[in-house]
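Biologist: Please pick one part of this model and give me a close look at it, cut-offs included.

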Amino acid sequence: MSVGIAVVPLGGETYEELYKNADQALYEAKESGRDTYRLYVPPSRKE
């Protein structure tokens, strides 16, 4: 099972923002293989 995680406030402050960003994190988790998770990190925080 793959999981995408978004937390307040970095992942968004509304339900819609959190859902969209968690979905993006889930997509990244699925791309990297099975049975993993990804935490949403805003583009400004990625290195």
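**The helix and its cover**

Modeller: Strands S1 and S2 each give at least two residues to the nonpolar patch. Remember this is a predicted model: local features need pLDDT of at least 70, side-chain atom pairs count only at pLDDT 80 or more, and totals for chains, interfaces and linings use all residues. Numbering runs from 1 along each chain as its sequence is written, and side-chain values use heavy atoms, leaving out hydrogens and water.

Helices (H or I, at least four residues) and strands (E, at least two) are DSSP runs, numbered from the N terminus. Asn21, Ala22, Ala25 and Ala29 are buried in H1, where buried means under 20% relative accessible area, exposed over 50% and partly exposed in between, with a 1.4 Å probe and protein chains only. Those buried residues line one face of the helix, because they fall within an arc of 105° seen down its axis; the arc takes directions from the axis to the C-beta atoms. On the other side of H1, exposed residues include Tyr19, Lys20 and Tyr27.

S1 (3–5) and S2 (37–39) are among what covers the buried residues of H1, contact being heavy atoms within 4.5 Å. Asn21 counts as buried because its relative accessibility is 7%. Leaving aside residues up to four places away in sequence, Asn21 touches Ala6, Gly11, Gly12 and Tyr40. Just after H1, Gly33 has a positive phi of about 130°.
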